[in-house]
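Take a walk through this structure, one contact at a time. Keep the sequence and the 3D view side by side.

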Amino acid sequence: MPVRFDRHRIYVLPTAFGLFFAALLTAMGVGALNYNNNPALLLALLLAGAALASLFVAHLQLVGLEIIAISAEPVAAGAPLTLRVHAGDRRERERRGLRLQLGECGALLSLENGAGETDLQAPTTRRGWLQLGRIRVSTSRPLGLARAWAYVWPDAPLLVYPRPEANGPALPRGIGEQSQARLHPAGEDMHHLRNYRRGDPRRAIAWKPSARRDALLVREYEQPRDAEVLLDWNGLSALPYEGRISRLARWVDEAEREHRRYRLQLPGQPAIGPDAGPAHRHACLRALALMPHAAR
């Protein structure tokens with residue numbers, strides 16, 4: 001990266017409509033010659049010239065196009081990976097209707113003032129590094145008679161996080177000595193009553209106090225939160241190999257949602273943390289994603 005298309009790496013072939021148009025022009029030309037019809041012959045030659053010009057225009061739509069960068073944020077395995085494709089043109093030519101194709105997924109790209117970008121979806125099936133295949137950039141403008149295309153190969157793999165466990169137990173209890181209370185709908189001790197907000201579960205509504213106040217009130221509970229949570233690989237020995245990875249990935253996301261400090265302990269690696277935040281989450285999920293795959 002970046003990759004610039006020159007005229008040697010661009011292919012041009014007629015489309016199905018272009019082949020039909022060529023056959024139609026051939027029949028028109030043969031008929032005009034057979035009946036010595038000069039106006040019809042002139043029309044056939046003009047249309048043929050326009051068709052040939054469209055071949056060059058389609059080719060010029062890609063000449064000088066530059067794919068500057070392809071980036072993506074990691075996602076969990078099974079979710080589509082959104083590729084952000086950045087393109088440009090040093091001559092600042094306007095280009096419309098370019099089509100990007102990766103496997104079965106496609107997207108449209110247009111350039112204004114020499115720059116443009118678009119999102120392209122890529123399917124994911126397993127955790128780890130994802131090697132993207134070739135991306136085809138094509139256009140059939142201006143008349144749809146010919147298609148010009150070129151290929152670009154991303155030079156860096158993209159990271160795919162492990163798929164979190166769909167349903168599982170709550171986070172392990174923390175190992176820190178300090179703890180504090182936090183509000184939680186699944187807590188054990190009621191903390192206070194507050195006004196109902198849209199989306200609150202029905203089981204949390206305090207019906208008797210609500211009847212006295214003539215307004216819906218909701219119970220807020222609290223439960224202790226320990227200072228640090230240990231996510232230990234060795235503590236999940238009852239689960240299969242990939243099941244451990246999915247469980248730990250789920251706990252990492254859950255700890256982030258609950259603003260907990262956590263430490264990830266994996267075999268053969270130094271502990272990650274304790275810490276919290278997007279950078280720590282990425283470090284933990286990256287380590288889980290790059291765990292060796294179990295032998296089949």
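Arg-84 is partly exposed, with a relative accessible area of 27%. Keep in mind that this is a predicted model. Arg-84 belongs to strand E4, which covers residues 81-88.

What does the side chain of Arg-84 meet in a salt bridge? The partner is Asp-119, at 2.4 Å from N to O. Asp-119 lies in strand E7, residues 115-122. The cut-offs explain the label: partly exposed runs between the 20% limit for buried and the 50% limit for exposed. Arg-84, Glu-117 and Asp-119 form a network of salt bridges.

Now turn to another pair. The side chains of Glu-112 and Arg-96 meet in a salt bridge, 2.8 Å from N to O. Glu-112 sits in the loop between strand E6 (105-111) and E7. Arg-96 is in strand E5, residues 95-102. Glu-112 counts as partly exposed, at 44% relative accessibility. Arg-96 is partly exposed as well, at 32%.

Arg-247 and Glu-165 meet through their side chains in a salt bridge of 2.4 Å, N to O. Arg-247 is in helix H4. Glu-165 is in the loop between strand E11 (158-160) and strand E12 (179-183). They are 82 residues apart, and again the pair links distant parts of the chain. Are these two residues buried or exposed? Arg-247 is buried, and so is Glu-165. Side chains of opposite charge can pair when their charged atoms come close. In total, the structure holds 12 salt bridges.

Stay with helix H4. Helix H4 spans residues 241-257 and packs with helix H5, residues 278-289. The angle is about 175°, and the axes are 10 Å apart. Angles over 145 degrees count as roughly antiparallel, so H4 is roughly antiparallel to H5.

Which residues make the contact? From H4 come Ile-245, Leu-248, Ala-249, Val-252, Asp-253 and Glu-256. From H5 come Pro-278, Arg-281, Cys-284, Leu-285 and Leu-288. Sorted by type, the residues of this contact are eight nonpolar, no polar and three charged.

Methods:
Residues numbered from 1 in each chain as written. Predicted model: local features only at pLDDT ≥ 70, side-chain atom pairs only at ≥ 80, totals over all residues. Heavy atoms only, no water. Axes fitted to C-alpha atoms, helices over the stretch in contact; angles between N-to-C directions. Helix = DSSP H or I, 4+ residues; strand = E, 2+ residues; numbered from the N terminus. Parallel < 35°, antiparallel > 145°, perpendicular 65-115°, else oblique. Contact = heavy atoms within 4.5 Å. Nonpolar A, V, L, I, M, F, W, Y, C, P; charged D, E, K, R; others polar. Salt bridge = Lys/Arg side-chain N within 4 Å of Asp/Glu carboxyl O. Buried < 20%, exposed > 50% of the residue type's maximum accessible area, 1.4 Å probe, protein only.
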